[in-house]
Structures are given as C-alpha cells and as structure tokens.
Amino acid sequence: MLIVTAIIASLLTMIFIKLSFAVIGLRRKNQVGLGSGGHDDLERAIRAQGNFVEYVPLGMILIACLELNGTPWWLVLIPGITLIIGRLIHAVGINEPPPHFSKRVIGMKFTFYTLIALVVLNLGWSLYQLMS
C-alpha cells in the first residue's frame, strides 16, 4: 500500500490548489485572461504555481518508488515532509517582491536536497534489495 505517499500527495495537492486559487484571484482582480498582463504580483503567483508543478511530480514519483519497494515508512515520510516544507517556503519566497529572495533560495535548497536524497535513497535501497 502507498499510505505515506497518499498522505504526502494529498498535502501537496492542497498546496497546489491554494497556489492555483491565488492565480485565479489575481487574474480576476487584474482582468487578465492569459499571461500576467504586466502585473508583477500575478507573474509571481503564476511562477509559484508553475515552479510547484515542475518539481513536485519528480519528488512524488521517487517517494512512491521508495514506498513501493518496501522502504520503512519513516524513510518515506522524512523526504516527503522536507519536500512539503521546501515547496511551502519557496511559494512564500517567490511571492515576495524582489530583492527579498532568501525564502525562495531556502525553499529551492530544501527541494533540491530532497530530490537528491530521494535519488540516493532509491538507488541505495534498490542495491540493498538486489544484494539481499
């Protein structure tokens, strides 16, 4: 069963819905049907949502692979939590007007380090299973 993966995916989906509603709200407010219409706040909201969509699927695939291959639940949960934290911090940071990028950078670091850790965990666990 993919219980931990389902919980992580559900939490990430809730974040995605919030980011999507932010884009929709700003599109309505600024009467923009496509693109950002030159509105910086809308551009940031679009990029927060887009960036989320660019990174989360890879993380979820790797998390699901870990759980499907029988990794202990806590070894699936920890990178799942760090992915959630990274994406939340990044979304907050990208929505702050420049030049305040510290939260964005922290969020990016959380995300990249988590993805790297997931690759290492998947490869390590796969090798462990093959040698057992």
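These legends describe close-up views of a predicted model.

**View 1. The largest nonpolar core.** This core has 17 residues, and those touching the most other members are Ile 8, Leu 12, Ile 15, Leu 19, Phe 52, Met 60 and Ile 63. Helix 1, helix 2 (40–68) and helix 3 (73–94) are the elements that each give two or more residues to this core. Helix 2 gives the most, with 6 residues.

**View 2. Contacts of Met 60.** Setting aside neighbours within four places in sequence, Met 60 is in contact with Thr 5, Ile 8, Ala 9 and Leu 12. Met 60, Ile 8 and Leu 12 are also among the residues that touch the most other members of the largest core.

**View 3. A second core.** A separate core of 6 residues includes Leu 26, Val 32, Leu 42 and Ala 45.

View 4. Met 14 lies in helix 1 (residues 3–30). Its relative accessible area is 55%, so Met 14 counts as exposed. In soluble globular proteins, by contrast, nonpolar side chains tend to be buried together.

**View 5. The salt bridge of Arg 47 and Glu 54.** The structure holds 2 salt bridges. In one, Glu 54 pairs with Arg 47, and the closest N and O atoms are 3.1 Å apart. Glu 54 is partly exposed at 43% relative accessibility. Arg 47 is partly exposed at 31%.

**View 6. The salt bridge of Glu 96 and Lys 103.** Here Lys 103 bridges to Glu 96, with 3.1 Å between the closest N and O atoms. Lys 103 has a relative accessible area of 36%, so this residue counts as partly exposed.

Conventions. Residues are numbered from 1 along each chain as its sequence is written. This is a predicted model: local features need pLDDT of at least 70, side-chain atom pairs count only at pLDDT 80 or more; totals for chains, interfaces and linings use all residues. Side-chain values use heavy atoms; hydrogens and water are left out. Helices (H or I, at least four residues) and strands (E, at least two) are DSSP runs, numbered from the N terminus. Buried means under 20% relative accessible area, exposed over 50%, partly exposed in between (1.4 Å probe, protein chains only). A nonpolar core is a set of buried Ala, Val, Leu, Ile, Met, Phe, Trp, Tyr and Cys residues joined through side-chain atoms within 4.5 Å. Contact means heavy atoms within 4.5 Å. A salt bridge is a side-chain nitrogen of Lys or Arg within 4 Å of a carboxyl oxygen of Asp or Glu.
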